[in-house]
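I opened a notebook for this structure and wrote down each thing as I looked it up. The entries follow below.

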Amino acid sequence: MITDVWALPAGVLVALGVLATSALLLDAIALVDLYRRPAELVVFGKKWVWLLVILFLNLLGPVLYLLAGRKPSPPAGTPQAVRSKQTAAADAVAKLYGPPDHPRRR
């Protein structure tokens with residue numbers, strides 16, 4: 001059994017480095033996507049479940065999330081996407097200034 005990692009052949013060390021780098025890159029991509037994606041566009045609707053899957057299933061977790069854990073989001077130019085942005089803007093205005101029929105908004 002080899003106890004010194006540096007005693008391994010150079011090709012094996014390169015392969016291990018590539019594998020470790022790709023695993024970290026996949027983790028980062030999956031975690032950033034999970035953070036930015038609304039909960040309603042995640043399968044099961046629970047982001048914390050996917051966080052655990054990504055973190056504890058090493059290379060398989062991020063691949064599972066990226067392939068099966070995301071629901072497709074509507075394209076940017078579709079009426080649904082535009083409507084959701086308009087709704088978000090209206091909600092923000094209502095939080096700041098009150099509902100549309102409030103006396104201050106007239």
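Predicted model: local features only at pLDDT ≥ 70, side-chain atom pairs only at ≥ 80, totals over all residues.

Entry 1, a loop residue. I began with Phe44, which is found in the loop between α1 and α2. Helices here are DSSP runs of H or I with at least four residues, strands are E runs of at least two, and both are numbered from the N terminus. Phe44 has a positive phi of about 75 degrees although it is not a glycine. Is Phe44 buried or exposed? Its relative accessibility is 64%, so Phe44 counts as exposed; buried means under 20% relative accessible area, exposed over 50%, and partly exposed in between, with a 1.4 Å probe and protein chains only.

Residues are numbered from 1 along each chain as its sequence is written, and side-chain values use heavy atoms, with hydrogens and water left out.

I found 4 helices and 0 strands in the protein chain, in the pattern α-α-α-α along the sequence. The chain has 106 residues, of which 16% count as buried. Among its contacts with a separation of 6 or more, 49% are between residues 24 or more positions apart; contact means heavy atoms within 4.5 Å.

How many aromatic pairs does the structure hold? I found 2 aromatic pairs. Rings of Phe, Tyr and Trp (its six-membered ring) pair if their centres lie within 6.5 Å; planes under 30 degrees apart count as stacked, over 60 as edge-to-face and the rest as tilted. The rings of Phe44 and Trp50 have centres 6.2 Å apart and planes at 15 degrees, so this pair is stacked. Ring pairs link Phe44, Trp50 and Tyr65 into a cluster. Trp50 counts as buried because its relative accessibility is 8%.

I looked up the two axes, which come within 10 Å and cross at roughly 175 degrees. Axes are lines fitted to C-alpha atoms, for helices over the stretch in contact, and angles run from 0 to 180 degrees between N-to-C directions. That makes α1 roughly antiparallel to α2; angles under 35 degrees count as roughly parallel, over 145 as roughly antiparallel, 65 to 115 as roughly perpendicular and the rest as oblique. Asp27, Ala30, Leu31, Leu34 and Tyr35 of α1 meet Lys47, Trp50, Leu51, Ile54 and Leu55 of α2. By class, this contact has 8 nonpolar, no polar and 2 charged residues. Ala, Val, Leu, Ile, Met, Phe, Trp, Tyr, Cys and Pro count as nonpolar, Asp, Glu, Lys and Arg as charged, and the others, Gly among them, as polar.

The axes of α2 (residues 47-56) and α3 (residues 60-68) come within 6 Å and cross at roughly 140 degrees. That makes α2 oblique to α3. Trp50, Val53 and Ile54 of α2 make the contact with Gly61, Pro62, Leu64 and Tyr65 of α3. I sorted these by class: 6 nonpolar, 1 polar and no charged residues.

Entry 7, the core. Which residues form the largest nonpolar core? The 7 residues are Ala30, Leu34, Val42, Trp50, Val53, Ile54 and Tyr65. Such a core is a set of buried Ala, Val, Leu, Ile, Met, Phe, Trp, Tyr and Cys residues joined through side-chain atoms within 4.5 Å. Two or more residues each come from α1 (10-36) and α2, and α2 gives the largest share, 3 residues.
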